[in-house]
Amino acid sequence: MDLTYTPAEEAFRAEARAWLEANVPHDLASGDSAEGFAQHLEWERALHAARWAVVSWPERYGGRDASIWEWLIFEEEYYRAGAPMRVTQNGIFLLAPTIFEFGTQEQQDALLPRMAAAEDLWCQGWSEPGAGSDLAATKARAVRDEAGGGWRLTGQKTWTTRGAFCTHMFGLFRSDPGSERHRGLTYFMVPLDAPGVTVRGFGRLDGDEGFAEVFLDDAFVPDDAVLGGVDRGWSVAMATTGSERGLTLRSPGRFLSAAERLVELARDRGAREDALARDRVVRAWIDADAYQQFTLQQVTEIAAGSATGARSSLNKLFWSQLDVRLHETALDLLGPEAELDGPWSRGFLFALAGPIYAGTNEIQRNIVAERVLGLPRK
Amino acid sequence: MRFALNSDQAALREAVRDLLRAECPPAVVRAGWPGSEESDLARVRRVWDQLGEMGVLGAAVPEADGGLGLGAVALVGLLEEAGRAALPLPLMETAFVAGPLLAAAGEAALVERLAAGELVVGAALDGSGIVPFAQVADALIAGDARAPGGELRLLRPPAFAPLESIDGARGLGRVAADAGLVLDLDAAALAAAWERGALGAAAQLLGLGRALLALAADYVTERRQFGVAIGTFQAVKHQLADALLALEFAAPAVLRAAWSLDRGAGDAGRDVAVAKALASDAALQVAATALQVHGAIAYTVEYDLHLHAKRVWAGARAWGDADWQRTRVAAALGLLPEEALR
Ligand SMILES: Cc1cc2nc3c(=O)[nH]c(=O)nc-3n(C[C@H](O)[C@H](O)[C@H](O)COP(=O)(O)OP(=O)(O)OC[C@H]3O[C@@H](n4cnc5c(N)ncnc54)[C@H](O)[C@@H]3O)c2cc1C
């Protein structure tokens, strides 16, 4: 047990902190609106220019070869500085780890630098109208185009976050027409400007155009759009969901900084005199702290080479519930001002999605019960 | 940064776990209920002797005083194992609280006996005068380690009036506030003793919770209703998943608090409070869930579940319950004035 950082890690923290303090933009419009997305892109490109966009990646792809500990430090400093949610997250946090694991050298060299530079902007095409929790019910299909040396994609994806603003989508398509369920699926990476692709953005709960439907009608993609092998999409996709549920998408930094802001709000709003309100604030703060400790333990395991596996469902349950409680508490402290459009009410609406996306919490509980506790499936 | 036990620490924990698994099955926990039909305190005491032979009892006593001088990080895992086994003896109070406390008070002769495994010590530092394990102890420490200007006293049985606990293994005794001899301790030693007790209690609660959850998971896999194992029902699965979630997020907080105590960190008191609050809540949740998913079988004293559950119901409130601990955290966060604490 050694909960201290090395001098090199502390120096890394200091460098990140100084740069972030000098450069973090404030009051950007929502990254889920056309106007805001453009502002966020500017920020993403500033991050990239200073090599803070993808710190854990190799230098040749725009990173710093940072260790997983340094990555965690960067995340802490990022949210501590009040920097905005990453509009590039579905690329850099979800697709990229999958490309590092399954991509060919050519794919890595071609895709990763552009992703790091926010030149290619990626969205996630899992869900379909008939395939939500039941991802294996994927209907969108891929038909072999021998002459063209690629595939023809047809079908509909939905709930695609920031699909209207992105340039590319990764998703699952049924490549073996006779297949069922988890078999016969292939993981494709699709440029959204390909002929036959139509994207329609629509409003989320907060009214921003953060969702999109993506219609594919015989859209052609070349062979190198396949990640991880034809008909092997399910196991490739599971690697992505592991990142989504676990650490990469939601590091503790975000919740720690939100909890600190909640404590400040509580002090401002007289929670000292209100034992009930105080207790709820403390519970939220304790949960953020517990998530941090859990993460440090988990990163120790990862650094020692063990895989997180189904335990990433524990992360997802915990951070999503924590986020909701934290924001509910803030709104209660705000009282009559809770409904005003502002960071806490926006944060609350966003937190409400946490128990739904990345696999609903009911699905996560099934996974924890069956694969961590070993309860019978049927 | 490394959030894990080192290999020596892990090996010691494994050894204690193996010992308790072999030597402290539920029958021995039942034997530790003084005055019950199954009571066999000599048998229980043999487990103690074996822990003594491993050096566990003097583990927290400084090396200069004949102990192993191990820190809290090395020991919380052992206490978790004691909880898992529902060991019906005050390992936590003796090894984790009394050892260092008596050493700090200069009670060399007692410390020597304690480290040699000859002394079972019951302790209650919360001012209640209700001392767990008094009925099996050779020495008692009672008083108030939390009050400003508080003091602790050393008593020898039979200086107590027996009380009946819902958990017979707790062997409670009530002591008078002015009984015994005042131990020579400064405020820092008093505070440290309290923190160690609260942290040790949290560690035991984790172990108790883990045992209860394992029992419940096994049971719902075996028990069939409507032609299927009841563990296939989502209402059952989800309750158990939530129980595991609570435990898994309390456990790292306990280890971190141990680290903070060992380092004498300024935040150590807060970290202990976080750990105990999470562990108390988690253990209570697991106990309630384990009982519920068993149905009536767990509502008997014949089935073993109650041995652990009753220890949880007692232990969750001892050494500061979750509400009290959260008030301490509130104080550390500047959400209430320190004076308002008590
Ligand atoms: C803000 C937000 C962003 C999103 N972004 C994306 C994105 O970028 N790309 C993408 O592909 N998708 C995205 N999604 C979609 C998300 O992945 C799905 O909403 C999710 O998988 C659930 O599917 P569904 O909405 O069809 O609900 P359903 O699957 O229909 O579920 C409805 C309810 O039934 C419950 N349920 C379903 N099956 C079971 C079961 N077996 N056991 C117990 N309960 C069950 C669910 O838990 C849920 O409560 C996003 C969703 C949200 C809210």
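Start with the second largest cavity, whose lining residues divide into five nonpolar, two polar and one charged. (Here Ala, Val, Leu, Ile, Met, Phe, Trp, Tyr, Cys and Pro count as nonpolar, Asp, Glu, Lys and Arg as charged, and the others, Gly among them, as polar.) To see it, select Val87(A), Thr88(A), Gly91(A), Ile92(A), Met115(A), Asp120(A), Leu121(A) and Trp122(A), which line this cavity. About 40 Å³ of space lies inside the second largest cavity.

A word on what you're looking at: this is a predicted model, in which local features need pLDDT of at least 70, side-chain atom pairs count only at pLDDT 80 or more, and totals for chains, interfaces and linings use all residues. Residues are numbered from 1 along each chain as its sequence is written, chains are lettered from A and ligands numbered from 1 in the order in which they are written, and side-chain values use heavy atoms, with hydrogens and water left out.

How are the spaces found? Rolling a probe the size of a water molecule over the atoms shows where empty space is left. On a 1 Å grid over the protein atoms alone, a cavity is a set of points where a 1.4 Å probe fits but cannot get out, while a pocket is an open set with protein on both sides within 12 Å along at least five of seven lines; lining residues have an atom within 4 Å of a point. Grid points are joined across faces, edges and corners, and a volume is the space filled by probe spheres set on the points. By this rule there are three cavities of 30 Å³ or more.

Next, hop to chain B and select Val56(B), Ala59(B), Ala60(B), Leu75(B), Leu78(B), Leu79(B), Leu91(B), Ala95(B) and Phe96(B), the lining of the largest cavity. Helix H4 (72-85) and helix H5 (91-104) of chain B each give two or more residues to that lining. (Helices, H or I with at least four residues, and strands, E with at least two, are DSSP runs numbered from the N terminus.) The largest cavity holds about 60 Å³ of space, and its lining has nine nonpolar, no polar and no charged residues.

Of its 39 lining residues, Pro97(A), Ala239(A), Gly242(A), Ser243(A) and Thr248(A) lie nearest the centre. Colour H6(A) too: H6(A) gives the most to this lining, with seven residues. The pocket's lining splits into 20 nonpolar, 14 polar and five charged.

Last stop: the ligand. Which chains surround it? Residues from chains A and B do, so the site is shared between chains. Of the 18 residues around the ligand (a heavy atom within 4 Å), Gln124(A), Ser127(A), Ser133(A), Thr161(A) and Thr360(A) come nearest.

Now zoom in on some polar contacts, meaning pairs of N or O atoms within 3.5 Å:

- The side chain of Thr161(A) has an N or O atom 2.6 Å from a nitrogen atom of the ligand.
- The side chain of Glu362(A) has an N or O atom 2.7 Å from an oxygen atom of the ligand.
- Trp126(A) has a backbone N or O atom 2.9 Å from an oxygen atom of the ligand.

Finally, show H11(A), which gives the most to the shell around the ligand, with three residues. By class, this shell has seven nonpolar, ten polar and one charged residues.

Methods. Polar contact = N/O pair within 3.5 Å; in protein donor to acceptor, adjacent residues only side chain to side chain.
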